[in-house]
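Thanks, everyone. Let me put the model up, and then we'll go through the fold and its core.

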Amino acid sequence: MAEETGDERVHEPWSTSAAIAGLRAARQKWRVRHERNAEYGRHGFPARRSLDRIVGQLAAALFPLRLGPPEITQASEDRFIEATLETALSQLAAQIRLEVRYSRGPAWTIDDDCAVDDIVRRFAERLPAIRETLDSDVEAAYDGDPAARSVDEVLLCYPCLIAVVHHRIAHELFRLGAPLVARIIAEIAHSRTGIDIHPGATIGRRFFIDHGTGVVIGETAIIGNNVRLYQAVTLGAKSLSTDAHGAVQVDPARHPIIEDDVVIYAGATVLGRVTVGRGAVLGGNVWVTKDVPAYTTLTIASSRAETRAPDVEPSIEEWRISPTI
């Protein structure tokens, strides 16, 4: 283009040919580097949009009168659930088949098809247990939040329940052998609620996250029954070590164990394979890398720990707070 000196400007139309060629080269380099020269199935791996729709269908089957269409009545619940599960489980099988084909590649056999069917069958058998566990989660949220006016409000409005519904479904699929499908489901909930729960985490009954935003729960975390977390709690791992060649060494048990009846307040961080004992209370913003005994209240004030009797309720108002541990 000529400079602005009064000369006539030369217009050159833009073209995508260079970008297309460059993107083709980048894709090929990536596939060679990661040994993905061939893609299997229509997309090569499970589709996030499809799984989002499937989880919505499964949630409606679990709670038809609250998460299903408005025309559902108690008299039509079973018919709705039958039709919904036939569709949802068939679509779920297709997504799991994409995952297995993606991981198996040319080694795919008829046995893999049978394995997919077995995963879906066993998952379907677990749906009643998932519903009962979710009922306990709803009750825990209702009991733990005086602002909740009904269990229906909790189910319909609380981000915790969106995240937990996704997690209960994802955890079963992770356990049954569909970890990629499970991880996508978990990330759908993460993007929607700001609550990041790895599908590998084991979580007991009556689980409640108050407010929810910013909570992180790692893959190997184990959480007992009747545990309550507040916003910005992290149950994470310490920095990963490397071997002599620089390869990351992954500890198979690298996240915390939280025993029954524990309360963890906002901003607390618990790292590594430590155990927070039954009935313990972790105050806001504490940093925990060592075991916490049962029935201990740990606050940020000089990491002060006080042990109380199991039947004594903690008094939040008596905690001393200072800016450093």
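Eight helices and 17 strands make up the secondary structure of the protein chain. Those are DSSP runs, numbered from the N terminus: helices are H or I with at least four residues, strands are E with at least two. This is a predicted model, so local features need pLDDT of at least 70 and side-chain atom pairs 80 or more, while totals for chains, interfaces and linings use all residues. Numbering runs from 1 along each chain as its sequence is written, and side-chain values use heavy atoms, without hydrogens or water.

Of the chain's 325 residues, 42% are buried, meaning under 20% relative accessible area with a 1.4 Å probe, protein chains only.

Now the core. The largest nonpolar core has 74 residues. By that I mean buried Ala, Val, Leu, Ile, Met, Phe, Trp, Tyr and Cys joined through side-chain atoms within 4.5 Å. Which members touch the most others? I96, F123, L173, I217 and L229. Among the elements supplying at least two residues each are α4 (77-104), α7 (159-176) and β3 (208-210). α5 gives the most, 10 residues.

Look at α4. It has 28 residues and reaches 39 Å from first C-alpha to last, close to the 40 Å expected at 1.5 Å a residue; that expectation is 1.5 Å times one less than the number of residues. Its buried residues include F80, L85, L92 and I96. Their cover includes α2, α3, α5, α7 and α8.

Finally, I96. Beyond neighbours within four places in sequence, I96 is in contact (heavy atoms within 4.5 Å) with V116, I119, V120, L173, A178 and V181.

Terms used:
Buried < 20%, exposed > 50% of the residue type's maximum accessible area, 1.4 Å probe, protein only.
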